[in-house]
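Me: I would like to go through this model with you, one feature at a time. Could we begin with the terms and then turn to the details?
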Amino acid sequence: MFDYMIVGAGFAGSVMAERLATVYGKRVIIVEKRPHIGGNAYDHYNDDGLLVHKYGPHIFHTNSQDVFDYLSRFTEWRPYQHRVLASVDGQLMPIPINLTTINQYFGLNLTAFQVEEFLQKLAEKRETIRTSEDVIITKVGKELYEKFFRNYTRKQWGLDPSELDSTVIARIPVRSNRDDRYFSDKYQVMPLHGYTRMFERMLDHPNIKVLLNTDYHEVKNIIPYREMIFTGPVDEYFDYCYGKLPYRSLRFRHETHSTERFQAAPVVNFPNEYPYTRCTEFKYLTGQEHPKTSIVYEYPTAEGDPYYPVPRPENAELYRKYEQLAKDTPGVHFVGRLATYKYYNMDQVVAQALTLCTKIIGMRRRELLN
Ligand code: FAD
Ligand code: UDP
């Protein structure tokens with residue numbers, strides 16, 4: 001008899017398994033339908049020996065000391081500050097939009113002080129900031145919105161920014177200084193030996209069993225367990241009884257090139273050209289030295305594995321119905337990006353799982369992480 005059946009071996013499932021086994025002494029079985037652990041953060045060495053992220057680029061960043069310290073038990077880190085260039089009008093310019101971007105795009109030589117005034121003139125006033133369109137138009141005006149954000153967003157989500165919550169585009173800041181880093185979090189690091197190695201160490205515990213290549217439907221009535229932790233899509237768990245929650249998917253095109261460097265930055269975004277949104281060159285992220293280099297293009301699609309919840313009011317409303325059902329389902333805990341329908345980064349999922357652990361075990365965060 002297992003104490004917990006955990007569905008999914010991504011961050012949510014693995015953190016739950018590790019803490020419930022280590023701190024609470026529980027016996028857990030993780031059931032994962034893919035042939036590997038790590039969820040969407042899974043990485044592996046490809047046929048040419050290059051470390052790649054199967055499901056697109058994963059860069060770890062957090063402001064949470066707890067999350068950073070907790071994961072540091074399972075990995076050493078490589079400092080890494082992520083930088084992205086956007087291909088606009090035949091030029092590569094830094095995104096997030098910053099002083100350099102503005103000067104390059106408009107052919108100016110403004111100072112940080114002048115650029116604030118300049119942006120204030122471009123920005124449009126809006127009564128409320130409700131949508132992703134509002135966020136950008138009120139910061140940089142229509143022209144930069146059209147060039148850097150509108151088409152990228154339409155491609156990525158199949159929706160106009162005016163149809164998406166403000167939180168989507170608000171992930172990308174606008175800066176009046178020359179800081180061209182994609183993130184500004186306190187900790188910006190990559191697991192030194194990759195994500196999968198980190199997950200292996202998390203799950204290396206005598207009380208944790210992992211069953212790969214198995215959909216939980218196949219075993220839920222065969223393997224005895226007391227409670228379930230579910231990290232898959234919440235609407236799927238309830239057989240879509242209120243209808244399907246929209247999740248955006250991606251198709252990944254991985255390539256290896258016989259050259260040491262492929263592009264000028266770790267990621268190049270293509271807001272206006274091509275059916276893909278961005279191209280990532282992994283060696284920048286991993287720090288690997290190799291005579292060849294591997295890249296991945298991301299093609300957004302409506303069908304396929306669920307990768308992104310789609311933040312907009314009607315979806316939040318539909319999710320609330322599933323959330324209520326989840327609350328009314330005893331013995332099953334829902335956690336993670338798909339199970340709580342939240343556009344969460346890895347660190348937010350870790351924090352959410354740690355919080356759920358404190359509730360289940362009845363411990364304070366401090367004790368849980370001792
Ligand atoms: P997942 O990793 O999706 O794990 C859920 C697992 O459950 C999956 O392995 C799935 O196979 C399994 N499962 C589902 N249904 C079943 C079933 N019926 N039976 C058995 N198993 C099942 N975050 C960052 O912080 N930085 C980044 O740079 C970043 N980049 C990203 C890039 C892309 C392209 C994507 C899609 C996401 C990115 N993220 C990034 C977000 C990050 O991937 C997630 O926050 C995190 O991986 C979510 O973990 P999770 O455990 O909630 O879900
Ligand atoms: N975005 C954009 N242009 C860009 C980069 C991002 O319009 O060059 C918008 C787009 O809507 C995207 C969102 O900002 O989905 C969040 O971008 P982020 O890079 O955080 O997306 P993720 O890495 O989660 O796919």
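Reply: A nonpolar core is a set of buried Ala, Val, Leu, Ile, Met, Phe, Trp, Tyr and Cys residues joined through side-chain atoms within 4.5 Å. Buried means under 20% relative accessible area, exposed over 50%, and partly exposed in between, with a 1.4 Å probe and protein chains only. The model is predicted: local features need pLDDT of at least 70, side-chain atom pairs count only at pLDDT 80 or more, and totals for chains, interfaces and linings use all residues. Residues are numbered from 1 along each chain as its sequence is written, and side-chain values use heavy atoms, with hydrogens and water left out.

Me: Which residues touch the most other members of the largest nonpolar core?
Reply: They are Phe11, Met16, Leu71 and Phe148, in a core of 110 residues.

Me: What does Phe11 touch?
Reply: Leaving aside residues up to four places away in sequence, Phe11 touches Ala41, Leu71, Tyr195, Met198, Phe199, Met346, Val349 and Val350. Contact means heavy atoms within 4.5 Å. Another core, of seven residues, lies apart from the largest one and includes Phe270, Tyr276, Cys279 and Tyr297.

Me: How far apart are the C-alpha centres of the two domains?
Reply: The centres of domain 1 and domain 2 are 34 Å apart. Five residues of domain 1 are in contact with seven residues of domain 2.

Me: On to pockets. How much space lies in the second largest pocket?
Reply: That pocket holds about 370 Å³. On a 1 Å grid over the protein atoms alone, a pocket is an open set of points where a 1.4 Å probe fits, with protein on both sides within 12 Å along at least five of seven lines; lining residues have an atom within 4 Å of a point. Grid points are joined across faces, edges and corners, and the volume is the space filled by probe spheres set on the points.

Me: Which lining residues lie nearest the centre of the second largest pocket?
Reply: Of its 18 lining residues, Lys244, Leu245, Pro246, Tyr247 and Ala302 lie nearest the centre. Domain 1 and domain 2 each contribute at least three residues to the lining.

Me: Changing topic: is Gln156 buried or exposed?
Reply: Gln156 counts as buried, because its relative accessibility is 5%. It sits in helix α5 (residues 132–157); helices (H or I, at least four residues) and strands (E, at least two) are DSSP runs, numbered from the N terminus. Beyond residues up to four places away in sequence, Gln156 touches Arg248, Leu250, Thr277, Pro300 and Tyr308.

Me: What joins Ile95 and Pro96?
Reply: A cis peptide bond joins them, with omega about 0 degrees. Pro96 is in the loop between β8 (91–95) and α3.

Me: What is the phi of Asn213?
Reply: Asn213 has a positive phi of about 55 degrees, although it is not a glycine. This residue lies in the loop between β10 (208–211) and α8 (216–219) and is exposed, with a relative accessible area of 52%.

Me: And what about Tyr341?
Reply: Tyr341, also a residue other than glycine, has a positive phi near 50 degrees. Tyr341 is buried, with a relative accessible area of 8%, and is found in the loop between β17 (332–334) and α12 (346–361).

Conventions
Chains lettered and ligands numbered in written order. Domains from an automatic or database assignment.
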